[in-house]
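Here are a few notes to read with the model open beside you. Take them one at a time, and find each residue on screen before moving on.

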Amino acid sequence: MSGPIPKNGVLDMPAYVGGREAVEGVENPFKLSANENPLGASPKAITALKNPGDPSIYPDGGAVALRQKLAAVNGLDAARIVCGNGSDDILTLLAQAYLGPGDEMLHTAHAFLIYKLASRATGATPIEVAEQDLTANVDALLAAVTDKTKIIFLANPNNPTGTMLGRDDIERLHAGVPDNVLLVLDGAYAEYVDPTLYPAAFDMVEAHDNVVTTRTFSKAYGLAALRLGWGYCPPAVGDALNRLRGPFNINAAAMQAGLAALDDQAHIEKSRAHNTQWRDWLVQQIGGLSGDAMSIGVRSTQANFILLEFADAAHAQKAEAAMCAAGVIPRALTAYGLPTRLRLSIGTEAGNRAAMAALENLVKGDGA
Ligand SMILES: *Cc1c(COP(=O)(O)O)cnc(C)c1O
């Protein structure tokens, strides 16, 4: 072999494979595979995108206005906020800053795939920790900590299981890990959780040197295409990320749209209400399905998706194909180690009703 060779480990990494986006022969399917906001972005953000400013001028590398607005809206200290090109950027920077060959990163059994990819890219070893009933298990996580552990990545609520740890569990996890282990709480679905129940953990970031929490504009804010996320960090962690990040990692259009979206908290509330209403409707309707051809279980979540549960992987595959043929795309979860389940994002009313119709046909044995 001649030519440049990537460093050790790179070619062992699988490339990230996202959810299915299209179905051959079906025009405009309901794409319920990527947890996008079915209501879209705030109209204020759309308007902001129509006035992007002068594209020949570099954006503000410090994202000062955006960090100040994030701080004001969430009651935080702007100096502790680091913005990223999606929250994936922040997660990847954290891995780059704190992991290297020989180090270990802990993640739960059915965790967001980016944690593993970002960690392996540094040469570190991802360690999978068993869950209990698809939920992060604090005791198992604590038992897995060794002197090589440098980061614990935990999505709360988790994708794709949708389960969430409460405040007491998060505090117990933090209390049990050494000070040199960074606890990263990924809050990608935070806005969908009842705010009175959500352990936002911003105060833990302020109280400890080893807790970071991340947020994104890709889910409830409906700005996935623009790639905008942020982390709330202890000062020393923020300093490390600011040294490592691209100097202009947030583009001007994303900043403009993000600022406008933050001014429209009513849109977030509307999105949360839509999600809760239709998530409950889908769970109730699927729970009531009966027929001889297939049985389908359902699991609600704290996020903007539900899990469909099948007797085996073959049934799950058959259901995925039938739903796609009916114009509704769910997310297969084989890559997440959940081959008997499908993840279904909460959609528009029309999308949710189309999903129900497809599932009804499946259990009755009608249609595809
Ligand atoms: C969708 C998602 C993200 C968001 O990624 P972005 O890069 O901000 O689009 C982060 N974490 C989890 C668990 C997710 O599901």
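1. Let's begin with a pair of residues facing each other across two strands. Gly 297 has Glu 309, in strand E10, as its bridge partner. Please keep in mind throughout that this is a predicted model. The strands involved are E9 and E10 (residues 305-309), which run antiparallel and are joined by three bridges.

2. Now zoom out to the sheet around that pair. Four strands form an open sheet in the order E9-E10-E13-E12, and their pairing is antiparallel. Which strands stand at the edges? They are E9 (297-299) and E12 (331-332); each has a single partner strand, so one side of each is left without a neighbour in the sheet.

3. Next, have a look at strand E7 (residues 211-216). Six of its six residues are buried, so to speak "mostly covered" by definition, with buried meaning under 20% relative accessible area. Both faces of E7 are covered. On one side you will find Val 211, Thr 213 and Arg 215, and on the other Val 212, Thr 214 and Thr 216.

4. Strand E7 also lets you compare two senses of pairing. With strand E6 (residues 182-186), E7 runs parallel, and four bridges join the two. With E8, E7 pairs in the antiparallel sense, again over four bridges. Thr 214 is a handy landmark here: Thr 214 in E7 is the bridge partner of Asp 186, and Thr 214 also stands opposite Gly 231 in E8.

5. Stay with strand E8 (residues 229-232) for a moment. Gly 229 and Gly 231 point one way, Trp 230 and Tyr 232 point the other way, and all of them are buried. Strand E2 (residues 81-84) pairs with E8 too, in the antiparallel sense over four bridges. To find this pairing on screen, look for Gly 84, which stands opposite Gly 229.

6. How many residues does the largest nonpolar core have? The count is 51, and the residues with the most contacts inside this core are Leu 66, Ile 152, Phe 217 and Trp 230. Helix H9 (residues 252-262) gives the largest share, five residues. Where does the core lie relative to the domains? Domain 1 (19-40 + 266-364) and domain 2 (43-263) both contribute residues, so the core lies between them. There is also a second, separate core of 29 residues, which includes Ile 114, Phe 153, Ala 155 and Leu 241. As background, nonpolar side chains tend to be buried together in soluble globular proteins.

7. An oxygen atom of the ligand is 2.6 Å from an N or O atom in the side chain of Tyr 189. The value is also 2.6 Å for the side chain of Ser 218, and 2.6 Å for that of Arg 227.

8. Arg 227 has an interesting backbone as well. Its phi is near 60°, a positive value in a residue other than glycine. Arg 227 is placed in the loop between E7 and E8. Is Arg 227 buried, partly exposed or exposed? Its relative accessible area is 29%, which makes Arg 227 partly exposed.

9. Compare that with Ala 63, in the loop between helix H1 (43-49) and helix H2 (64-74). Ala 63 has a phi near 45°, also a positive value in a residue other than glycine. With a relative accessible area of 3%, Ala 63 is buried.

10. Two peptide bonds are worth checking by eye. The bond from Asn 156 to Pro 157 is cis, with omega near -5°. Another cis peptide bond joins Asn 159 and Pro 160, where omega is about 15°. Pro 157 lies in the loop between strand E5 (149-155) and helix H6 (167-176), and Pro 160 is found in the loop between E5 and H6.

11. Finish with helix H3 (residues 87-98), which has 12 residues. From first C-alpha to last, H3 reaches 17 Å, close to the 16 Å expected. Its buried residues are Ser 87, Asp 89, Ile 90, Leu 91, Leu 93, Leu 94 and Ala 95.

Technical notes: Residues numbered from 1 in each chain as written. Predicted model: local features only at pLDDT ≥ 70, side-chain atom pairs only at ≥ 80, totals over all residues. Heavy atoms only, no water. Expected span 1.5 Å × (residues − 1). Buried < 20%, exposed > 50% of the residue type's maximum accessible area, 1.4 Å probe, protein only. Pairing = 2+ DSSP bridges. Core = buried A, V, L, I, M, F, W, Y, C linked by side-chain atoms within 4.5 Å. Domains from an automatic or database assignment. Polar contact = N/O pair within 3.5 Å; in protein donor to acceptor, adjacent residues only side chain to side chain.
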